[in-house]
Amino acid sequence: MAPPGTKRVLSGITATGRLHIGNYIGAISLWAENQDQYENFLFVADLHALTIPEDVTGIDLRARVEEIFALYIACGIDPERSTLFVQSDVREHSELAWLMTCVTPVPWLERSTQFKTKGKIADVDTGVGAGLLTYPCLQAADILLYDADFVPVGEDQRQHVEMSRDIAKRFNSLFGETFKVPGTLIRASGSRIMGLDDPSAKMSKSLAERQPGHAIGLLDPPGQARKAIMRAVTDSRPAVDFGQDLSPGVENLLTIWECVTGATREQSRDQFDGAQYGTLAEQLVQLAQAYRACGLR
C-alpha cells in the first residue's frame with residue numbers, strides 16, 4: 001500500500017497492434033520511472049480494442065493482452081510496485097461508462113480527434129459502431145473510477161484526458177462533487193514519436209501492422225528493426241547539420257536516441273553534428289539490439 005498522501009496515476013494501452021518504441025518512450029518508460037513516486041494503476045484496455053471491430057478481427061485478443069503485460073514487465077514495470085489489471089475484469093468500467101455517456105453532450109464527442117480521423121463520413125455511412133463516438137466516455141470512466149490525480153500519456157492523448165476532465169466537471173456540476181478532476185503527465189521531449197517512413201505522422205500500432213518500416217516494434221526481430229531504422233526518412237542533405245533547422249525525420253531519430261539513452265541535445269550535437277545519416281541510424285540499430293539483448297530494460 002502506498003504511503004498516505006501519495007499521488008495516484010492511471011494509464012493503459014489498447015490491446016490492438018504491436019507495441020513499438022513510441023509506446024515505450026511516450027508512456028511505458030514514464031510509468032516505470034515514476035513507480036516509486038506515485039501509486040500506479042496500469043491496465044490493458046481490451047474494451048477499447050472493440051471500438052472498431054475490424055481491428056480485432058482475426059487476432060487472439062487474450063493472447064494480445066498477455067503479450068502487452070509481458071512487455072510492461074520487460075520494460076521495467078514491477079507488479080510489486082504497480083497494480084496491473086485487465087480493463088474488462090473490472091465491470092465498473094462499463095457501468096460507469098454508461099453514466100458518463102448520459103452526461104456527455106454529443107458535440108463534445110463529435111469533436112474528438114479519434115472520431116474525426118477514424119470515423120470519416122464515408123465510414124460512418126457504411127456502419128462504424130457507436131463505440132467510436134462514445135470512446136471518450138469509456139476513457140473518462142477508466143480514469144475517474146480510480147480517483148486518479150494524474151494520467152501519464154503521450155501528446156496525442158492529451159485531448160482525451162482534457163475531455164475526461166470536462167466530463168468530470170459536468171458530472172460534478174449536475175450531481176455534486178463526486179469525481180476528482182485529473183491532471184496529465186507528459187514528457188517534455190518524446191511524447192509524440194513519429195513514423196520512420198513518414199515523420200509527419202505519429203508512430204501508430206495499427207499502421208505498423210500494415211506498413212513494414214513504419215515503426216520499431218518492441219518484439220521485432222533484429223533484422224527487421226535494422227531494416228526499418230536504416231530506411232528511415234531523413235532529408236536530402238549529406239549529413240546531420242545542427243547549424244540549420246533539422247528536418248522532421250532527422251529530428252525524430254535524434255529524439256528517439258535522446259529519450260532512450262538519456263542524452264541531452266548538446267550531447268547529441270557533440271556526437272552527431274556533421275555525421276552522415278547512416279552513422280546516426282547505425283547507432284540507433286546498436287541501441288535497439290542492446291535493449292533487446294537485456295530484455296528491453
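Which helices each supply at least two residues of the lining of the second largest pocket? In this predicted model, they are α2 (61-74), α9 (205-210) and α10 (222-230). The largest share comes from α10, with 3 residues. The pocket holds about 370 Å³ of space. Its lining comprises 21 residues, and those closest to the centre are Ala208, Ala215, Gly217, Asp220 and Gln224. By class, the lining divides into 9 nonpolar, 6 polar and 6 charged residues.

His20 sits in the loop that runs between β1 (8-14) and α1 (21-33). Its relative accessible area is 3%. Buried means under 20%, so His20 counts as buried.

A separate loop carries a backbone feature. Asp147 lies between α7 (131-144) and β4 (150-152). Its phi is positive, at about 50°, although Asp147 is not a glycine. The relative accessibility of Asp147 is 36%. This value lies between the 20% and 50% cut-offs, so Asp147 is classed as partly exposed. His20, in contrast, is buried.

Notes. Residues are numbered from 1 along each chain as its sequence is written. This is a predicted model: local features need pLDDT of at least 70, side-chain atom pairs count only at pLDDT 80 or more; totals for chains, interfaces and linings use all residues. Side-chain values use heavy atoms; hydrogens and water are left out. Helices (H or I, at least four residues) and strands (E, at least two) are DSSP runs, numbered from the N terminus. Buried means under 20% relative accessible area, exposed over 50%, partly exposed in between (1.4 Å probe, protein chains only). On a 1 Å grid over the protein atoms alone, a cavity is a set of points where a 1.4 Å probe fits but cannot get out, and a pocket is an open set with protein on both sides within 12 Å along at least five of seven lines; lining residues have an atom within 4 Å of a point. Grid points are joined across faces, edges and corners, and a volume is the space filled by probe spheres set on the points. Ala, Val, Leu, Ile, Met, Phe, Trp, Tyr, Cys and Pro count as nonpolar, Asp, Glu, Lys and Arg as charged, and the others, Gly among them, as polar.
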